[in-house]
Amino acid sequence: MSLLGNTTRVSDNISTFFGYDNTEGCEIKVKATREKEIILTITDSNDASGKFVFSAVDLSSLEKFEIMMTNLFSIHESFSLNYGLHQNKSDKGISISMDNPSGVSFKLSALPDVGMELSIIKNDEPTIFMFKHEDKDILSRFKIEFKRLVANISNLKLPTKTLDKDTKHV
């Protein structure tokens, strides 16, 4: 057991591009490898962890998914009372997801009066990171950093991935 918490977090032998903690005590990290993998890890406030790996072959799908993410972030903003004349007053959330053949899914949801929810779902058990109103600043930074990473992953010089229990594909 580590002094810093659960040992299931992604190994720091991989380059950490960015990570954030929300007001609920959850953590989201985005890492990348020389093999052009993007690894998204969510650790909730109970130290449960979920990981989703976007491989190099997923880059085209990931670029399309990132466009849908941008649209979903805009939909989330439209739920705000400050949005103006075209405020979305629906009480229905809107979600997108990317599914791994191994049964792991990455889901992003815009939830009215709640915020943006990112979840990694494995065996019907979600690990959730919530961007609430108080987390608006980190949501904005997450959007920018994730988009930048997806757009530039092919040109980045990254460290070699080490094959240990923390970096194996799920």
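Modeller: In this predicted model, Ile94 is partly exposed, because its relative accessible area is 34%, and the term covers values between the limit for buried, under 20%, and the limit for exposed, over 50%. This residue lies in strand 5, which spans residues 94-99. Leaving out residues up to four places away in sequence, Ile94 touches Leu72, Ile75, Leu108, Ser109 and Ala110. Met116 is 22 residues apart from Ile94 along the chain, and the C-alpha atoms of the two are separated by 9.8 Å.

Asp135 is found in the loop between strand 8 (125-131) and helix 2 (136-152). Apart from its neighbours within four places in sequence, Asp135 is in contact with Asn22, Thr23 and Met130.

The largest pocket may be described next. Its volume is about 540 Å³. The lining of this pocket is made up of 24 residues, and His76, Phe79, Ser80, Leu81 and His133 lie nearest its centre. By type, the lining residues comprise seven nonpolar, nine polar and eight charged. Helix 1 (59-78) and helix 2 each supply at least two residues of the lining, and helix 2 gives the most, with four residues.

Methods. Residues are numbered from 1 along each chain as its sequence is written. This is a predicted model: local features need pLDDT of at least 70, side-chain atom pairs count only at pLDDT 80 or more; totals for chains, interfaces and linings use all residues. Side-chain values use heavy atoms; hydrogens and water are left out. Contact means heavy atoms within 4.5 Å. On a 1 Å grid over the protein atoms alone, a cavity is a set of points where a 1.4 Å probe fits but cannot get out, and a pocket is an open set with protein on both sides within 12 Å along at least five of seven lines; lining residues have an atom within 4 Å of a point. Grid points are joined across faces, edges and corners, and a volume is the space filled by probe spheres set on the points. Ala, Val, Leu, Ile, Met, Phe, Trp, Tyr, Cys and Pro count as nonpolar, Asp, Glu, Lys and Arg as charged, and the others, Gly among them, as polar. Buried means under 20% relative accessible area, exposed over 50%, partly exposed in between (1.4 Å probe, protein chains only).
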